[in-house]
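Okay, everyone, thanks for coming. Let me put the structure up, and then we'll walk through a few spots on it.

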Amino acid sequence: MKGLLHDRNFLLIQAATLISATGSFMLLLAVSAELLRRSGSGLGAASVFAFQWILPVLAVSAVRRLADLPGLRRVLILAELAGGALSLAIGLLLTADLLPVVLGCFLLRGFGEAVTRTGRVVLLRRLFDGPRLAAAASSFNIAFYTGATLGGVTGGLVVGRLSLTEICALNAASFLVAALCWRALPDARGAADATKGGSGALRDAFRLMARHPALLRQAGYVVLSTGVFQGFHNAARTLLPMRGLGLDDRAVMHLQVASGLAIILGAVLVPLLGRLARRPWLTPLACGLACLLLTAASRAPALGLLIAAYLAFLVAFELAFTAAQAGLIRAATTEQMATMQAAAHAGGTALIILVTLATGGLADLMPMAAVGPVIGITGLLLITGLELVARRAQAMVSTTPPSTRRAAPVVADDSGEAR
């Protein structure tokens, strides 16, 4: 990790991610709180997040193709600039009460976000190798969640002081700066993946996972941790303080600040754990713990207890996600990375939509103290199911004759030795 702090390429990737995430989280939280204040509906507040993630699921093959282009740097620059323009449009349209058009902008903005999220992982895989790849993969998400924290801090400072249009303008400026960071990176180009045919990205990913159970397990936990925990977090960070405790939208920003600090702590823990972070039991253990802690957070009777339980939940969530994402980056070859990342992002995004809407919808039907246990039990069932599927796939591969089995990708551990 120490060597990466002097690596210009790594620092530029982190800077671009940090800056755009700061503006993005500030915008999403500000718009979500505004819709909750206008309509009083938890489902309406959650719709902002849900609409942003519809196209990444429906257009996963298009995301894969864009993220796998030889000139990936140019794609990232254009995606950031388009995101800035759409963010500015959202502020103007919402001021004019054109909510359907606003949701349409979130649809397009979500597609661009999917391209940048997938593209920066692919670019990281192209630029780093060996022990540097393991270190970069383990610390990759720190900048993103630091941006989430700064987005909450900035939101807490500007909500009530600036108009929503001005907040959207700040967000657009952050995308412009992020685009300049991508422009300063080398135009790393990758080789074509021979496993890709005329089929879609999801079908190609399923073929890869059928041959390599390690990819199946790591991608499964990326999907599960992203979908269940991020989905609950999207709705709960607004609903728990405002609906559960009767506080105003500033409490949403304050909870987001504390949440971001917890997520950063969870992300930092993975590179600090070193080899322990690659133990197969760590990710399911962290996921199970997160399920229990989100249940506890939803039943907190006061703000102090809510923050404490929510922080613990998010540390476990980010520990699980970062370990799973780092494992997927190490397990996939450079040529497979765009396919696997696009598929994992699409699967996680689909689950995010379902859990976000379910959390918001259930909050309109029952107290938040009852919503948490429903989501927590669902998460535990999904963890159990994933472990059973992964073990069965491993057993099937182990019994397959070597002559009919393709070689698994060769990756390096932290010592630089191939495994």
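**Salt bridges, a pocket and a patch**

Let's start with Glu113, which counts as buried because its relative accessibility is 12%, and the cut-off for buried is under 20%. Keep in mind, by the way, that this is a predicted model.

So who does Glu113 pair with? Its partner is Arg117, in a salt bridge with the closest N and O atoms 3.6 Å apart. Both sit in helix α6, 4 residues apart, or about one turn of the helix. Arg117 is partly exposed, at 21% relative accessibility.

Now look at Glu387. It forms a salt bridge with Arg217, and there the closest N and O atoms are 2.9 Å apart. That pair links distant parts of the chain: Arg217 is in helix α11, Glu387 is in helix α16, and they're 170 residues apart. Both Arg217 and Glu387 are buried.

Glu387 also meets Arg391 in a salt bridge, at 3.9 Å from N to O. These two share helix α16, 4 residues apart. Arg391 is exposed, with a relative accessible area of 60%.

Next, the second largest pocket, with a volume of about 220 Å³. It's lined by 13 residues, and among those nearest its centre are Phe206, Met209 and Val223. The lining divides into 11 nonpolar, 2 polar and no charged residues.

Last stop, the surface. Leu78, Leu81, Leu176 and Leu180 form a nonpolar patch there, with about 380 Å² of accessible area together. Helices α5 and α9 each supply at least two of the patch residues. Leu180, in α9, is exposed, with a relative accessible area of 55%.

Note on methods:
Residues numbered from 1 in each chain as written. Predicted model: local features only at pLDDT ≥ 70, side-chain atom pairs only at ≥ 80, totals over all residues. Heavy atoms only, no water. 1 Å grid on protein atoms, 1.4 Å probe; cavity = no way out; pocket = protein on both sides within 12 Å on 5 of 7 lines; lining within 4 Å. Points joined across faces, edges and corners; volume = space filled by probe spheres on them. Nonpolar A, V, L, I, M, F, W, Y, C, P; charged D, E, K, R; others polar. Patch = residues over 30% accessible without salt bridge, like charges linked within 9 Å, V, L, I, M, F, W, Y side chains within 5 Å. Areas by Shrake-Rupley, 256 points an atom, 1.4 Å probe, with all protein chains shown as cover. Salt bridge = Lys/Arg side-chain N within 4 Å of Asp/Glu carboxyl O. Buried < 20%, exposed > 50% of the residue type's maximum accessible area, 1.4 Å probe, protein only.
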